[in-house]
Structures are given as structure tokens and as C-alpha cells.
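Work through the exercises below with the sequence and the model at hand. Each task is followed by its solution.

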Amino acid sequence: MTRLAYLTAIALSLAAPALASCSYGTHLHPREEGVPISQFSYTGLTGPLNWFGLNKTANEACAKGHNQSPIDLDHSIHTIEGKSLCFNVESFPYGAELENLGTTVEVPANGTLKADNKTYSLAQFHFHTPSEHRINSEYFPMEAHFVFSAPDKSTAVVAFLISLGHPNILLSSVFEAIEEIATPGEITSTGPLLFDALESHFKSHDVFTYSGSLTTPPCTEGVTWYISSLPLQIDELTYDRVKEVVKFNSRYTQNKLGEVNLLENIANELK
């Protein structure tokens with residue numbers, strides 16, 4: 001490797017927290033022209049075990065934060081009724097953009113979430129395979145994150161775990177042409193996206209809620225999570241098509257809320 005190539009690689013790694021994270025499109029990372037390709041990953045030296053090492057200043061919370069996400073959702077996590085929240089997503093009757101950011105596929109979207117006397121605006125929704133959160137230690141094949149931002153610069157995420165089962169009209173339409181974005185940076189169009197059934201599902205079931213973090217660099221804390229307790233379903237054929245493009249993109253389960261960061265604990269053990 002030449003010195004120029006080496007310095008370029010270092011620069012890219014230092015820029016990783018600003019590129020294509022789960023907060024893309026929010027106040028934490030405003031949307032840009034084109035599709036930014038992630039410089040972090042889920043494997044090796046750019047994976048979760050070394051996100052802190054990519055930028056020890058910006059990504060400090062990844063290794064030292066004590067309220068990190070995702071977590072195992074058990075009896076200790078507070079639940080509320082979904083109907084106590086106002087979750088709305090604007091439909092795309094003629095389809096929307098589906099982008100490949102390298103670490104996920106994402107749909108820029110509009111909508112609102114009203115919770116705790118605050119109104120959040122939807123920036124985008126994206127997917128993880130397998131699920132990042134678990135329920136009573138059980139993981140699921142997929143998880144969808146709807147990322148919201150409020151005027152006071154706070155962030156909230158509405159999440160849906162997804163199991164294998166019957167076809168879901170919305171998910172089938174989202175991934176209608178996913179084969180066309182097999183390469184990071186590519187954009188295609190979804191089929192028509194109507195969210196009435198999703199909103200009804202959310203409002204009809206209990207919702208886990210807690211204060212955690214982003215699940216990608218810079219792992220910013222203070223993120224309010226609202227996770228539907230009843231998973232959605234996706235048919236196996238559509239799921240396999242998604243896996244071909246998205247691959248594995250889940251951060252490992254973090255420690256219980258308020259307890260020592262697992263990476264920080266390992267570092268202390270090695271001293």
C-alpha cells in the first residue's frame with residue numbers, strides 16, 4: 001500500500017461515524033446528495049468490536065456507554081399500550097426510493113410520532129438481518145427501524161421485529177426490486193407503500209420502551225426506543241431475497257441498561 005493510499009484509508013476510517021449510520025437523515029446526520037456508503041461494517045476490524053477504534057473521540061459511547069442498544073427485552077423493560085402513541089407514516093402510492101448504504105437498505109420517508117408531549121418527524125426506515133433486539137433471549141430473522149428526530153435534537157426509533165410466516169403486503173412491496181441494488185450506492189424504486197396496516201398493528205399491541213442508543217457508530221445515547229411486542233411476518237422467499245443483498249448487519253446484544261459496557265469490562269479484565 002502506498003503512503004497516499006494508507007492515509008486515505010485512515011481518513012475514511014476516521015470519517016466512519018458520519019457516514020450512513022442508523023441516524024442518517026436526522027439532525028445527527030443530515031441527508032446528502034447521492035447515497036453515502038458506510039465505512040464501518042459488521043465484520044473484522046471495522047465491525048462492532050472495533051467501532052470505538054475507528055474514532056475514539058466520536059465513537060466513545062460504543063465502548064464506554066452504559067445505556068447501549070440493542071438489548072434483550074424481558075420483564076424488566078417497561079411496556080406501554082401502542083394506542084397511547086400517535087405513530088403515522090405518509091404513504092407512497094406510486095412507490096419510494098430504496099437505497100443501498102452498504103450496511104443496510106433504507107427508504108427516505110415522512111411521518112410523525114407523538115410521544116411524551118413531543119412531536120418527532122420521520123427521517124427514514126431501514127432493516128437489520130437478523131434482528132438486533134431480542135425478546136426473552138429469542139432473536140428474529142429481521143428488524144425494521146423507523147427513525148425519528150424532534151426539534152429539540154432528540155431521537156426516537158419505532159421498531160418492529162419480523163418473523164418468517166405469511167407474506168406481508170407492505171414488506172413485499174418495499175423489497176419488490178431489491179435485486180436491483182445489490183451493489184452499495186445503488187438506488188431503486190419500491191412498489192406502492194401503504195402504512196395503514198402497520199400503524200394499526202403498532203396501536204393494537206403493547207410496546208416495549210426504554211432509553212438506549214443508536215445501534216451504529218457513533219452509538220449516541222439518549223435515543224428513545226418503542227418496539228412492538230408482536231412481530232410482523234415476512235414470507236421466506238422475500239426474506240431470502242433481502243438476505244442476498246443486506247447480508248448480516250446486526251450489532252451484538254449489549255449489557256443490561258445502566259450496567260458496565262461489555263467492551264469496557266473486557267478492557268478492564270485485560271489490564
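A search of the whole structure finds four salt bridges (a side-chain nitrogen of Lys or Arg within 4 Å of a carboxyl oxygen of Asp or Glu). The model is predicted: local features need pLDDT of at least 70, side-chain atom pairs count only at pLDDT 80 or more, and totals for chains, interfaces and linings use all residues. Residues are numbered from 1 along each chain as its sequence is written, and side-chain values use heavy atoms, with hydrogens and water left out.

**Exercise 1.** State how Glu60 and Lys64 are placed in helix α3.

Solution. Start with the contact: Glu60 and Lys64 form a salt bridge with an N to O distance of 3.8 Å. Next, the two residues are four apart in helix α3 (residues 60–64), so about one helical turn separates them. Here helices (H or I, at least four residues) and strands (E, at least two) are DSSP runs, numbered from the N terminus.

**Exercise 2.** Decide whether Asp74 is buried or exposed.

Solution. The classes are buried (under 20% relative accessible area), exposed (over 50%) and partly exposed in between, with a 1.4 Å probe and protein chains only. Asp74 has 12%, so Asp74 is buried. Its partner Lys256 is 3.2 Å away between the closest N and O atoms. Lys256, at 48%, is partly exposed.

**Exercise 3.** Find which parts the pair Arg241 and Glu179 ties together.

Solution. The side chains of Arg241 and Glu179 meet in a salt bridge of 2.5 Å, N to O. Arg241 lies in helix α6 and Glu179 in the loop between α4 (169–174) and β11 (187–189), so the pair links parts 62 residues apart in sequence.
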